[in-house]
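This report describes how the fold of one chain is put together, beginning with a single pair of residues and widening from there. Please look through the sequence and the model before reading on.

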Amino acid sequence: MKLYRQLREYLIDLFFPPRCVGCTRAGFAFCPHCAQAVAPVVDPLCAHCGRPQPQPVDFCHGCHSGGRDAFALVRVATLYGDPLRGAIHALKYGGQPELAPLLARYLIAAAQQPPWLDILPDIDGVIPVPLHAQRLAERGFNQSALLAGAFAEGTGLRLAESWLRRERETRSQVGLNGAERRQNVADAFVAEAEVAGKRLLLVDDVFTTGATLTACAQSLRLAGAKAIYGLALSTPAPAPVEPSGPEFGDS
């Protein structure tokens with residue numbers, strides 16, 4: 001069966017070569033040029049949630065909005081902009097699961113940096129943010145699970161997808177503000193008893209307000225998890241800071 005699938009994929013690529021979702025270059029799902037153009041998240045950061053900040057802070061405004069105690073810490077690998085934006089959209093909504101291992105490389109690269117070098121050896125399970133069964137049936141796969149699976153394989157960690165489930169269907173978070181997002185996913189997730197006493201890593205694709213990851217972490221903590229960390233593929237770039245004084249040349 002595996003040999004048949006490989007032959008089928010080879011023939012499809014031979015007669016219908018893939019095109020890069022970033023620049024449409026033939027022969028690549030996400031070409032090396034576009035892969036190199038993805039911007040990593042760099043300092044200064046919020047020390048707790050890992051989102052970019054104008055200057056280093058222990059807890060940013062997003063953390064103070066609620067749920068910061070659910071996590072030990074969160075980090076994000078990349079900034080959500082083109083060409084990565086198109087790749088994430090193609091993975092999530094365009095039916096291109098083959099992009100997941102390519103995008104998971106950014107998660108793996110982030111995990112090879114501090115503070116993960118000291119954290120990952122003690123992680124008992126990698127848990128993707130789950131989809132509701134109805135949404136999963138419609139989409140055919142959970143993009144966060146594909147990312148988490150490729151990440152777990154690349155790092156040698158255990159994928160524990162069954163330890164957390166989405167009990168309640170929720171509307172899309174797109175277009176909702178922070179408070180609406182938190183309300184939307186409140187009590188939507190249920191953790192299994194296996195998480196008790198364990199150190200866990202939650203994986204998601206896009207980290208905006210953190211409402212979904214926080215709701216997942218709170219469910220895991222209620223079930224007795226010892227420590228919960230978060231790692232997301234991408235987050236929106238911070239808004240530019242307006243100058244506090246007159247521009248050069250102003251009178």
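## A pairing between β1 and β6

The strands β1 and β6 run parallel and are joined by 6 bridges. As for its cover, β6 is mostly buried, with 9 of its 9 residues in that state.

## Confidence of the prediction

The mean pLDDT of the chain is 86, and 80% of its residues reach 70 or more. Among the elements, helix α1 (residues 2–15) has the lowest confidence, with a mean of 52, whereas strand β2 (residues 125–128) has the highest, at 98. Where pLDDT is low, the predicted coordinates should not be read in detail.

## Overall composition

The secondary structure of the chain amounts to 10 helices and 6 strands. Of its 251 residues, 42% are buried, and the accessible surface comes to about 13,600 Å², with 54% of that area belonging to carbon and sulfur atoms. Among the contacts in the chain with a separation of 6 or more, 71% are accounted for by residues 24 or more positions apart.

## The sheet

Four strands form an open sheet in the order β1-β6-β5-β2, with parallel pairing. Because β1 (73–79) and β2 stand at the edges and have a single partner strand each, one side of each is left without a neighbour in the sheet. From one strand to the next, the twist averages 20 degrees. Strands of a sheet pair through backbone hydrogen bonds, either parallel or antiparallel.

Inside this order, β5 is joined to β6 by 7 bridges, the two strands running parallel; Leu 200 stands opposite Ile 228 in β6, and the bridge partner of Val 203 in β6 is Leu 231. On the side of β2, strand β5 (residues 199–206) pairs with β2 in the parallel sense over 4 bridges, where Val 126 has Leu 201 as its bridge partner in β5 and Ile 127 stands opposite Leu 202.

## Cover over the strands

Which residues of β2 are buried on its two faces? Gly 125 and Ile 127 are buried on one side, and Val 126 and Pro 128 are buried on the other, so that both faces of β2 are covered. Strand β5 is mostly covered as well, with 6 of its 8 residues buried.

Helix α8 (residues 143–155) lies across β2, β5 and β6 (227–235), running at about 125 degrees to β5, while helix α10 (residues 211–222) lies across β1, β2, β5 and β6 and runs at about 160 degrees to β5.

## Nonpolar cores

The largest nonpolar core holds 41 residues, of which Phe 30, Leu 103, Trp 116, Phe 151 and Leu 201 touch the most other members. Two or more residues of this core come from each of α2 (32–37), β1, α4 (84–93), α5 (99–111), α6 (116–119), α8, β5 and β6, and α5 gives the most, with 9 residues. Leaving aside neighbours within four places in sequence, Leu 103 is in contact with Phe 30, Leu 84, Ala 87, Ile 88, Leu 91, Leu 147 and Leu 233. A second, separate core of 30 residues includes Val 129, Leu 164, Ala 188 and Ala 215. In soluble globular proteins, nonpolar side chains tend to be buried together.

Is Leu 117 buried or exposed? Leu 117, whose place is in helix α6, has a relative accessible area of 51%, and because the cut-off for exposed is over 50%, this residue counts as exposed. Leaving aside its neighbours within four places in sequence, Leu 117 is in contact with Ala 111 and Gln 112.

Notes: Residues numbered from 1 in each chain as written. Heavy atoms only, no water. pLDDT = per-residue confidence, 0-100. Buried < 20%, exposed > 50% of the residue type's maximum accessible area, 1.4 Å probe, protein only. Contact = heavy atoms within 4.5 Å. Areas by Shrake-Rupley, 256 points an atom, 1.4 Å probe, with all protein chains shown as cover. Pairing = 2+ DSSP bridges. Axes fitted to C-alpha atoms, helices over the stretch in contact; angles between N-to-C directions. Core = buried A, V, L, I, M, F, W, Y, C linked by side-chain atoms within 4.5 Å.
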